[in-house]
Amino acid sequence: MTKEIIVSGFGGQGVVSSGIILAYAGLIEDKHVTFFPSYGAEMRGGTANCSIVVSNEPVASPIVSNPDIVIIMNEPSLTRFEPTVKPNGLLLYNKTLIKSKPARTDITIIPVDANIIAEGLGQSRIANMVMLGVMAKKTGLLKLETLKEAQRKRFIKANKEQLTLNDKALEKGYGLL
Amino acid sequence: MAEKKLMYGNHAIVEGVIAAGCRFFAGYPITPQNEIPELMSIRMNEIGGVFVQTGSEVAAINMLFGAAAAGKRAMTSSSSPGISLMQEGISYIAGADIPVLVVNVVRGGPGLGNIAPAQSDYYQATRGGGHGDYFTITLAPNSAQELFEFPRLAFELAEKYRNPALILADGLLGQMMEPVELSDELVDPNSLAENEWALSGCKGRERRIVRSYDLRPGKLEEWNLRRIEKYEKIKKNEQRFEATDCDDADLVIVAYGTCARVSDAAKKLARDKGFKVGLLRPITLWPFPTDVFADMSKRIENFLVVEMSCGQMIDDVKLATEHRSKIHFHGRPGGGVPTPSEVYKEIEKVLGGAQ
């Protein structure tokens, strides 16, 4: 089993954090993982994306060109990554911020009102956690409990309230399907 | 077994350098290796080491010369344009036969280039790089684990042969995160024996001199010839490589660093389709693992060299195989990174349609 994932959105939407949490979660579940962020002359408000590979075997290439799963947080990312998803792959997108609809018919598409749900919990910035929860439920790739543990490894300096809120967002996403 | 930690490649280098007992870092910032000096500034402060952010790369390499001449493990890191600026100093260090570690997290060139991953500094790394007849021991890691482990190996080789050592990484290896098994076995810098040439203060003993010049007639030639003997010894003893699935192969991919990772995936694609493909990964780029190529070229018909450059290592493959095999090439210069399917297509081109 090898799953290739891309997470993409605006800088500030927690794209890189999502990727690192997925990689940590894979590591906790004793899988082989790689995480590679887009780096470069990025600017605040510009787009950011990262590639994650989770596998039962050592990961050969950390570069993902045709992902099995994409988590799309904003409009430009949908335009860019929808065509790259493998046939029968999975596309999750943040319906709150994306007005256009994905057109592919050969992949599974799940719209998530991520920002509205996150705001309902009190913070729009945890929309990424909602998306991770949905992904965990849909794919079974990583356990909900593992994601909770993994976010604690990513946010070492976060206070308890924030970590609990992140857990709630993960659970909320997980419970959507 | 130590716990596995998810680490950036650049951070793995820092921990590897510290685990190797190095307590001196001097460097100047440049992307895509900035995480090295950033973490180094914190870690050296924690463990009582020296961290200097210098005014330029020229200052950094010369501080390294000084620290290493005093007999201490010392390192610097930079990326392509910065490494070019250091070449004069590296040449002096090689001329003085001093062990240091230089890490190059290669980016696109020439000139200011860009900050994307590249392998276009291969010639510079393996042909000396600066002026004069010299070589630097050059290691090419391909994972965060090796980025952690190779600093120690580099220091040991550098000291064994009194020669500068280079770790040639690239932007992708530096920026990528992977699990690393940190070794609990740490080198205590105080446990390292003093080198018999180290400038450690001559009170009560003969003075020692470290220098890269000798103006007496014939002396420099003598030094150079002696250094050639050392290089021959390194070439004989230190060739390192990793060969996988080469025994029955009709085609062997040759790649190092990031390209070896991509090529490994391409090899799997090809094997799944019935092509007999192997992968030969040079780990030492200098000394180049010529012996295994000389041996393989007697039975392997095709080598496919994959590089993130216009083709530099391919020269060494041609020299080592002495034109017995057909040498094919796939290169992505200027920050381009090949994909596994791209490399697979090249394999198909050479070996024909699906088997």
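Figure 1. Setting aside neighbours within four places in sequence, Leu92(A) is in contact (heavy atoms within 4.5 Å) with Val70(A), Ile71(A), Ile72(A), Ile110(A), Met131(A), Val134(A) and Met135(A). Leu92(A) sits in strand S5, residues 90–94 of chain A; strands (E, at least two residues) and helices (H or I, at least four) are DSSP runs numbered from the N terminus. Is Leu92(A) buried or exposed? Leu92(A) counts as buried because its relative accessibility is 0%, where buried means under 20% relative accessible area, exposed over 50%, and partly exposed in between (1.4 Å probe, protein chains only). For a sense of distance, Asp30(A) is 62 residues from Leu92(A) in sequence, and their C-alpha atoms are 25 Å apart in space.

**Figure 2. Chain A from end to end.** Chain A has six helices and six strands, and along the sequence they run β-α-β-β-β-α-β-β-α-α-α-α. The radius of gyration of chain A, taken over C-alpha atoms, is 15 Å. That is close to the 16 Å given for 177 residues by the globule rule (2.2 Å times the number of residues to the power 0.38), so chain A is as compact as a globular protein of that length. Along the principal axes, the C-alpha atoms of chain A fill a box of roughly 40 × 40 × 35 Å.

**Figure 3. Inside chain A.** Of the 177 residues in chain A, 58% are buried. Now look at contacts between residues at least 6 apart in sequence: in chain A, 57% of these join residues at least 24 apart.

**Figure 4. Where chain A meets chain B.** The contact takes 21 residues from chain A and 25 residues from chain B. About 1,700 Å² is buried between the two chains, with 69% of that area from carbon and sulfur atoms; buried area is the accessible area (1.4 Å probe) lost on putting two parts together, summed over both. Across this interface the rule finds zero salt bridges, a salt bridge being a side-chain nitrogen of Lys or Arg within 4 Å of a carboxyl oxygen of Asp or Glu.

**Figure 5. The side of chain A that touches chain B.** Helix H1 (15–28) and strand S2 (32–37) of chain A each supply at least two residues of this side. The largest share, five residues, comes from S2(A).

**Notes.** Residues are numbered from 1 along each chain as its sequence is written, and chains are lettered from A and ligands numbered from 1 in the order written. In this predicted model, local features need pLDDT of at least 70, side-chain atom pairs count only at pLDDT 80 or more, and totals for chains, interfaces and linings use all residues, while side-chain values use heavy atoms, leaving out hydrogens and water.
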